[in-house]
Amino acid sequence: MSEPLVPIIERDDSGPYLVGTRCRACEHVFVGPREACARCTERESLESLRLADSGRVYVWTVVHRSFPGVATPFIDAIVDLDDGSHLKGTLADIDPDAVTFDLPVRVEFREEIPAGETLPYLTYVFVPSKETGDE
Amino acid sequence: MSDVYIVGTDMIRFGRLPERTVPSLAAESALLALDDAGLGIRDVEALYCGNLGQAGGMVAQRILAEIGQTGIPATNVANACATGATAFHNAWMSVKAGAYDTVLAVGVEQMGKGLLGGGRSGPSPEGLIGSNTMPAMFAQIGVEHMRKHGTTVEQFAKVSVKNHHHATLNPKSMYRRETPLEEVLGAEMIAWPNTKLMCSVNVDGSAAAVLMSESKVRSLGLMDRAVRIRASEMSSTPFAERQLAMPDFSAATRVAAERAYERAGVGPEDLDLVELHDCFATAELVHYENLGLCADGEAGKLIDSGDTALGGRIPVNVSGGLLSKGHPLGATGIANIYEISTHLRGEAGDRQVAGARLGLTHVVGGGPGMGTSCAIHILERV
């Protein structure tokens, strides 16, 4: 099985998920593991959690020029996940002109080959959620 | 506690100078600044050098190897795009603390063409997990302003029209060409809504300043052209809700601005001109509000009004800014101090802001997942 592209991707028997940290003192949810709370500075209040797998687009940009070897255009979105955390990622499977503020999206895991590499890595993308008929 | 003054400052014309070395670029502006003050390297008690590309390369010591190895303490500073201003801030602190009377601050950068960002090892997530390019990051900051306040792409583009116009009046600018609104909007799209003409120019350059204690300025009789440093303030990213996903340059700027206005005992309404960090057209409008040049949500109206153009109420980036003068990372924070000082001395030629008495410089640095730094200086005509 492919290696995760970034360390926030973890796996268990149910499949891949994104790992986060919640501060019990101030309730802030961070993407990834951490030892102290950047918001309230508490050090003994942090607990690991699985990040939500859905959220809404806060802002985005359409990247037309990137580093050499990277396919463009693509949509870079900042998504507010339903647990209150904020995650950067690529928004796939949608026409850039159709993106709107607060567009509902879900997190999907895919195998992709990064620019300049030959082997695939496990990564995540945002895709539009189907508002109805998702089940 | 007595004030610290700038008694000499200069910069080289920004451009593409691949045949030069980093120390030689820096040495040139260092000597120009010393000449401007009527001093020599033997008068200098300490050197602070800002450079990012060769941060491990002892650039300060190599400058002294070019202009005179007098054995003074030499400190190398790196702080992303706030590097030059951070070197200047350290020089200011050393004089303010009474450790030295005469200190040289130099900022220098030699850059290739192409996009900034990235810099991590291992397989690149670029494209698969958004983008780590600077244009994408600052595009989203503009889109956030659209989201909150309804700012339009045309309003962002007007920043480029204005700053490119200003640059036609500045002989030290990389580009000196008018760019009408249609040309700015029609240029190659880099990261929506920023087109190529809404992105700062990667150039080579250097800038330098000689800082001096009040007693020394008086004893040498240099007060006539001296510029008083009313505030030299820095900040790092205070906690901001989305900063780990998208660096929050606004939060850091607001902290530093509040400290700077308090230290100087002035408000934004007292300023005659501003050089702020227009690394992208989207950034300039956001910083109008962060620096208090207008109320939150009013930046689009402010650019529409023409008040931030030369001749307006509060001219911003009369030098041409990073968008047209160019952005050699380590030099930028001292080049904008040179620009304000030149206006306060009444020596800015065709682009002179009439009667300028008080000016502000602002730079920010940072990147995705790194946090930000901000440095603000308030300078006053003596």
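**Exercise 1.** How many residues of chain A are in contact with how many residues of chain B?

*Solution.* The model is predicted, local features need pLDDT of at least 70, side-chain atom pairs count only at pLDDT 80 or more, and totals for chains, interfaces and linings use all residues. Residues are numbered from 1 along each chain as its sequence is written, while chains are lettered from A and ligands numbered from 1 in the order in which they are written.

Step 1. Contact requires C-beta atoms, placed from the backbone, within 7 Å; 35 residues of chain A meet this condition with 29 residues of chain B.

Step 2. On the side of chain A that touches chain B, the largest share, 6 residues, comes from β5(A). Strands are DSSP runs of E, at least two residues, and helices are runs of H or I, at least four, numbered from the N terminus.

**Exercise 2.** Determine whether the span of helix α8 of chain B agrees with its number of residues.

*Solution.* Step 1. The expected span is 1.5 Å times one less than the number of residues.

Step 2. Because α8(B) has 16 residues (249-264), it should span 22 Å, and its end C-alpha atoms are 22 Å apart, which agrees.

Step 3. Just after α8(B), G265(B) takes a positive phi of about 70 degrees.

**Exercise 3.** Classify D102(A) and M58(B) as buried, partly exposed or exposed.

*Solution.* Step 1. Counting other C-beta atoms (placed from the backbone) within 10 Å, 20 or more means buried, 12 or fewer exposed, and in between partly exposed.

Step 2. D102(A) has 11 such neighbours and therefore counts as exposed.

Step 3. M58(B) has 16, so it is partly exposed.

Methods. Two residues are in contact if their C-beta atoms, placed from the backbone, lie within 7 Å.
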